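These are my notebook entries on a structure I had not examined before.

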Amino acid sequence: MSHPPPALRPTSPVRWEMARHGAMRVPGVVFADEAMLPDDDGGTLGQVANVATLPGIVGASYAMPDLHLGYGFPIGGVAATDVAAGGVVSPGGVGFDISCGVRVIALPAARAELDDGALDRLADGLARHIPRGTGPGGLWTLGPDELDAILRDGAAHAVARGWGAEADLAVIEHGGRVADADPDAVGPVARRRGAAQLGSLGGGNHFAEAQVVAEVVDADAAAAFGLAADQLVVLLHTGSRGLGHQVCSDHVDAMGAAMAAHGISVPDRQLACAPVESAPGRDYLGAMSAAANFGRANRQVLTEGVRRAAREALGVADATVVADVSHNLAALEEHAVDGAQRTVCVHRKGATLALPPGHDGVPEPYRAVGQPAPVPGSMGTSSWLLAGRGGEAFASTCHGAGRARSRAKARKTWKGQALRTELEQRGIRVRAASSKGLAEEAPGAYKSADDVVAVCEEAGLSQRVVRLDPVAVIKG
DNA sequence: ATGTAC
């Protein structure tokens, strides 16, 4: 950290400003209520300040209420750089799990129609059809040509090969295919790892959950999203697995080596970056987009696992994709900056696209109500589906509950087996591959997603649409 | 997050 961060000054009950100091080019802005502000023993606010020093940054270095310490950038951070003004792109501003995100799948069944046996069968089916845990093993093992096509065309290629329906693509962010992907910028190690992992969940905070629509806050938006009270959904939270991780590592190394040549110095080596309009910048963005396509294809292939489980367990005809949005991505977008339209590179790291109603980037079926933004809760607690409102922070909102205690501390405080019993006693089925992983994901290690989404609503970033309560948790 | 460390 370059300097100790100065005190945050409230400009509203849910918005705090950090004045420019040191090498900061813009102020910091944190959306949070007083209780959820980090005390910064861990340096999270110092990371907000560090990001504000990046070349070309405009507006502010933003942080969502679920912010916590990350690699270079805080998780929950949003930073936009002006491309024509030498603005940079930084792999640390996207994160290791490129295109990590959430897919919501609606099942044509209501909780009230199902007995406990049906829910047991659904949990078992999801556990059987969704590969999980670290390491290789996915639903679709890829040869080199198929991998290239996935990196170029994302979920669209998976659908073309029979993994799902054309209609699925209409509601996925960017139509399931990120433009300007450069498969050649994805190195051989990343390719090898990815070829064996398409259609797999991973570990850590990734999960599949069967959930019920427990509260409808915005009836019009819920109807537009095709969701009704008491309806069952499945939520998938996963990303680009080892492939994205390797792409991030490779390009952090490459940029670190190239920074001096571009005359860039940063207060933390984890903020390695390069101008968007430079060879290392273009290479990273091309590889990142390819990894993002892998991430969307991963969730698309897993959706077929969900459909198989639903057909077997419930006998329901089919399951409908409601939304698929990433919360770890950089994107070139047009935004008003100081009254002028500029092309900016928006880094969202643990932050979700939240375009407002009417914006032409919102999937057409939802244009009147705004971009759907799924927010996964911590294990066994509520998740949310929001609708974007634009607002500050380049049309972004939160991405989850936000970790409040480290994995190590969680392992010391909670026991996986006891957590499993507690969840089962609350009527939530648990299918977990690792007891240690369960302890690390204890709900007590996280803030409440309910509080986080309420702050985002009060700050004008997003509107709550439905609350989703878990009935079955499937984890690596 | 991750074939759970340079």
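**Entry 1: cavities.** Before counting, I noted that a cavity is a set of grid points where a 1.4 Å probe fits but cannot get out, whereas a pocket is an open set. I also noted that the model is a predicted one. I then looked up the cavities of 30 Å³ or more and found two of them. The largest cavity has a volume of about 80 Å³. I recorded 13 residues in its lining, with Glu-173, Leu-329, Ala-331, Arg-348 and Leu-353 nearest the centre. Two elements, strand E12 (328–337) and strand E13 (340–349), each give two or more residues to this lining. E12 supplies the largest share, five residues. By type, I listed six nonpolar, four polar and three charged residues in the lining of the largest cavity.

**Entry 2: the second largest pocket.** I next turned to an open space. The second largest pocket has a volume of about 700 Å³. Its lining comprises 34 residues, and those nearest its centre are His-174, Val-178, Ala-331, Leu-332 and Glu-333. Here the elements giving two or more residues are H8 and E12.

**Entry 3: helix H1.** I asked which residues of H1 are buried. They are Thr-44, Leu-45, Gly-46, Gln-47, Val-48, Ala-49, Asn-50 and Val-51. Because eight of the eight residues of H1 (residues 44–51) are buried, the helix is largely enclosed by the rest of the structure. I looked up what covers these residues and found, among others, strand E2 (15–18), strand E3 (28–31), strand E4 (57–68) and strand E5 (75–82).

**Entry 4: helix H7.** Helix H7 (residues 241–258) has 18 residues. From its first C-alpha to its last, H7 reaches 26 Å, close to the 26 Å expected at 1.5 Å a residue. The buried residues of H7 include Arg-241, Leu-243, Val-247, Cys-248, His-251, Val-252 and Met-255. I recorded that the buried residues of H7 pack against strands E6 (88–89), E9 (231–238) and E10 (274–275), and against helices H3 (144–160), H5 (188–195) and H8 (279–314). I then looked up Ala-254, whose place is in H7. Is Ala-254 buried or partly exposed? Ala-254 is partly exposed, because its relative accessible area is 38%, between the limits of 20% and 50%. The C-alpha atom of Ala-254 is separated by 8.9 Å from that of Ala-272, which is 18 residues apart along the chain.

**Entry 5: strand E18.** I checked both faces of strand E18 (residues 429–432) and found them covered. Arg-429 and Arg-431 are buried on one side, and Val-430 and Ala-432 are buried on the other. In general, the side chains of a regular strand alternate between the two faces of the sheet. E18 pairs with strand E19 (residues 462–475) in the parallel sense, over four bridges. I noted that Lys-475 in E19 is the bridge partner of Ala-432.

**Entry 6: Ala-109.** Not counting residues up to four places away in sequence, Ala-109 touches Asp-230, Gln-231, Leu-232 and Val-316. Ala-317 is 208 residues apart from Ala-109 along the chain, yet their C-alpha atoms are separated by 9.9 Å.

Definitions and conventions. Residues numbered from 1 in each chain as written. Chains lettered and ligands numbered in written order. Predicted model: local features only at pLDDT ≥ 70, side-chain atom pairs only at ≥ 80, totals over all residues. Heavy atoms only, no water. 1 Å grid on protein atoms, 1.4 Å probe; cavity = no way out; pocket = protein on both sides within 12 Å on 5 of 7 lines; lining within 4 Å. Points joined across faces, edges and corners; volume = space filled by probe spheres on them. Nonpolar A, V, L, I, M, F, W, Y, C, P; charged D, E, K, R; others polar. Buried < 20%, exposed > 50% of the residue type's maximum accessible area, 1.4 Å probe, protein only. Pairing = 2+ DSSP bridges. Expected span 1.5 Å × (residues − 1). Contact = heavy atoms within 4.5 Å.
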